[in-house]
Amino acid sequence: MSHLPDPHAQSEFYSYVALKRFGAWVIDVLVITVILLIAGIFTVGLAWFFWPVFFVALSFVYR
């Protein structure tokens with residue numbers, strides 16, 4: 001027995017799910033970017049040369 005609301009009987013619980021997930025994704029990307037900018041300052045710019053690597057690693061740790 002699931003404790004989730006029935007999508008047919010209580011559809012208001014599932015309205016705008018895609019929009020809410022997109023908003024959460026945008027917030028996550030902004031938080032990770034700010035953390036990486038701060039890390040770049042503390043590493044005297046070294047983190048900016050390896051931005052994609054640090055972004056993927058920090059995204060994994062963040063989640």
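V44 sits in the loop between α1 and α2 (46–49). Helices here are DSSP runs of H or I with at least four residues, and strands are E runs of at least two, numbered from the N terminus. This is a predicted model: local features need pLDDT of at least 70, side-chain atom pairs count only at pLDDT 80 or more, and totals for chains, interfaces and linings use all residues. Residues are numbered from 1 along each chain as its sequence is written, and side-chain values use heavy atoms, with hydrogens and water left out.

Back to V44. Its phi is positive, about 55 degrees, although V44 is not a glycine. Most residues other than glycine have a negative phi. V44 is also exposed, with a relative accessible area of 77%. The cut-offs: buried is under 20% relative accessible area, exposed is over 50%, partly exposed is in between, with a 1.4 Å probe and protein chains only.

Next, Y16. Y16 lies in the segment before α1. Phi of Y16 is positive too, near 60 degrees, and Y16 is not a glycine. Y16 counts as exposed, at 61% relative accessibility.

Now the aromatics. Rings of Phe, Tyr and Trp (its six-membered ring) pair if their centres lie within 6.5 Å; planes under 30 degrees apart are stacked, over 60 edge-to-face, the rest tilted. How many aromatic pairs does this rule give? One. The ring centres of F22 and W25 are 5.9 Å apart and the planes are at 25 degrees, so this pair is stacked. Both residues belong to helix α1 (residues 17–42). They are three residues apart, about one turn of the helix. W25 is partly exposed, at 47% relative accessible area.
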